[in-house]
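Keep the viewer open while you read.

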Amino acid sequence: MNRGVCVLTYNWGNSFTEHIASTSVVRDKLGVANVPGSPYILNRSSGKLEDCTSETCPYAEKYERDGNIMYINRAPYAAYGGFCGGVSNNVSPEHQIAAAEFLAFAS
């Protein structure tokens, strides 16, 4: 970073507008990119990493590199925060419904 080559930061969405303001010292030196991703996914049955495919990573971005197709899976990023929730498959259907109903109520 001391050489000014590269830096990665996660921040609130409004910080970008501050960084491109006419008074900013990093104006014209800042870019935006997707969050880093991975071409692999954890196979929970085997405990091993496997290549993402269109079946295992249905929301991944498809890329072609040197004639090979690869899928990059990225975690979502909500710049302004908010809340998200998930319901485990490892609980009874009744608990899944109750958890989903609570998340719907809380949102």
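Two strands count as paired if DSSP finds at least two bridges between them. Helices (H or I, at least four residues) and strands (E, at least two) are DSSP runs, numbered from the N terminus. This is a predicted model, where local features need pLDDT of at least 70, side-chain atom pairs count only at pLDDT 80 or more, and totals for chains, interfaces and linings use all residues. Residues are numbered from 1 along each chain as its sequence is written, and side-chain values use heavy atoms, with hydrogens and water left out.

On to the sheet: three strands make an open one, antiparallel, in the order 1-5-4. Its edges are strand 1 (37-38) and strand 4 (61-65), each pairing on one side only. Five bridges link strand 4 to strand 5 (residues 68-74), in the antiparallel sense.

Lys 62 sits in strand 4, and its bridge partner in strand 5 is Tyr 71. From Lys 62 to Asn 73 it's 11 residues in sequence and 9.1 Å in space, C-alpha to C-alpha.

Ser 24, meanwhile, is in the loop between helix 1 (14-19) and strand 1.

Contact means heavy atoms within 4.5 Å; the contacts below leave out residues up to four places away in sequence.
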